[in-house]
Amino acid sequence: MHINRVNTHIMPIRFEYHAPASLDEAVELLERYGKEAKILAGGTDLIPQIKQRQTEPRHVINIKGIPELARIKETDGGIGIGALARLRAIELSPLMNEKLPLMVEAAKTVGSVQIRNRATIGGNICNASPSADMATPLMALDAEVHVYGKGGARTYPIGEFFLGRGEVKLDPGEMLTGMTVPLPPEGAGSAFEKVGWTTFDIATVNVAAVVTLKGGRIDLCRVALGACSPAPIRVAQAEEALKGKKPTDEVLSESAAYVSACVEPRERWRRAPPEYRRRTSKALAMDAVSRAVEAAGR
Amino acid sequence: MKIELTINGKRRRFDVEANKLLLNLIRDEMHLTGTKYGCGIGECGACTVHLNGEAVLSCMVLAVDADGGCVDTIEGVADGGQLDPIQAAYLEEGAVQCGFCTPGFIMSTKALLRENPEPTEDEIREYLKGNRCRCTGYVNIVKAVQSAAKKIGG
């Protein structure tokens, strides 16, 4: 951890500030300033990044003046969540609690109340930290992301959005506008597990699971792993190992071993060594799947 | 850039640089030094204020981003010489040691009790986990929140 590596009392750079009132205006600014521009949503990542000189934008584009981007609403394809939906709004939304408890569970683990009052889901996934806590459940829920740019709107699966550490699939001049999360089938159970240094730290490992049961056997099954590779991933082999089986300890353990095998060690991993992540991801995968099984209707 | 803020109920105009932090506006221009600068990266909660009624970290908010909003700081909590029940409870329970974290804790407690007037100990600890007390006086802080909840409710 590098607390106060630099003076975090002030913003060390000057920038031009823009507050567009519409999506088209925002996209025009993005187009005009390209790599010199950064989007400001909640600011809970961007401001500390600027303070620590990890990024030095010449233009800051505050998109909070585009109100339609903050909505959470039921749509044909599931639940539509705007990029500006704050994590605290997700946590407190009756619709999210009823339909997507996995997202609520994950949102509650992010930072503190003060952070969640500002932090947005769009910021969480656009920063593309491998440990982003909203990314892993979105992967397990098969969400789609919506982006908008000069060339119009595009939609694609969340799995294609993450290109790697800090990289997302956005063309120059494009921005994320929101996502659609399809509703899991009736009776599905889900769970999110996370380990960090403290209870409000970012994840060292996180796992999300969604399952349904049919006659005591696992039917649909999705397992996603975060913070252990350049981007969060779905673990198809772990899912295959569970399908059609009774959720016994042996089956869970065999499946979780595939999760642990996906840990891709990085040369400099400050937070935890590879072996820690391998063991922890296995334990968290077993916990997540068994809690999801418990929550699933039989 | 010209902005307008309502700070502790008073409407004020400012001319600020785009990179000015709300915390520095409050401390350096308003001279309201109750709100503290701690870690600067969202770990400690010492700079907690209310922005439009919600607890936020003023060291991570640009002043221009708060334009048009209502900011409440620790200085606006007491009603003249009359302490807020939360402030009184912190004093009575000995929940203040060096005092550096106290303004942040009180602003978070205010937000907590507004949302949840009868929190359990677990709920208190969960809600206040973004505020750190380096004297580690958490036991008395939790007691103070419980006592304040009783005072306000009872």
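Keep in mind that the model is predicted.

**Stop 1**

**Stop 2: where the domains touch**

How many residues of domain 1 of chain B are in contact with domain 2 of chain B? There are 13 of them, and they meet 11 residues of domain 2 of chain B. Stay on the domain 1 side and select β3 (48-51) and β4 (54-57) of chain B: each strand supplies at least two residues of the side that touches domain 2. The largest share, three residues, comes from β3(B). If you colour this side of domain 1 of chain B by class, you will find six nonpolar, five polar and two charged residues.

**Stop 3: a pair of helices**

Now select helix α2 (residues 85-92) and helix α5 (residues 138-153) of chain B. Their axes come within 8 Å and cross at roughly 140 degrees, so α2(B) and α5(B) are oblique to each other. The crossing of α2(B) past α5(B) is right-handed.

To see the contact itself, show the side chains of B:P85, B:I86, B:A89, B:Y90 and B:E92 on α2(B). Facing them from α5(B) are B:A144, B:S147, B:A148, B:K151 and B:I152. Sorted by class, this helix contact has seven nonpolar, one polar and two charged residues.

Key:
Residues are numbered from 1 along each chain as its sequence is written. Chains are lettered from A and ligands numbered from 1 in the order in which they are written. This is a predicted model: local features need pLDDT of at least 70, side-chain atom pairs count only at pLDDT 80 or more; totals for chains, interfaces and linings use all residues. Two residues are in contact if their C-beta atoms, placed from the backbone, lie within 7 Å. Helices (H or I, at least four residues) and strands (E, at least two) are DSSP runs, numbered from the N terminus. Ala, Val, Leu, Ile, Met, Phe, Trp, Tyr, Cys and Pro count as nonpolar, Asp, Glu, Lys and Arg as charged, and the others, Gly among them, as polar. Axes are lines fitted to C-alpha atoms, for helices over the stretch in contact, and angles run from 0 to 180 degrees between N-to-C directions. Angles under 35 degrees count as roughly parallel, over 145 as roughly antiparallel, 65 to 115 as roughly perpendicular and the rest as oblique. A crossing is left-handed if the near helix is turned anticlockwise from the far one by less than a right angle, and right-handed if clockwise.
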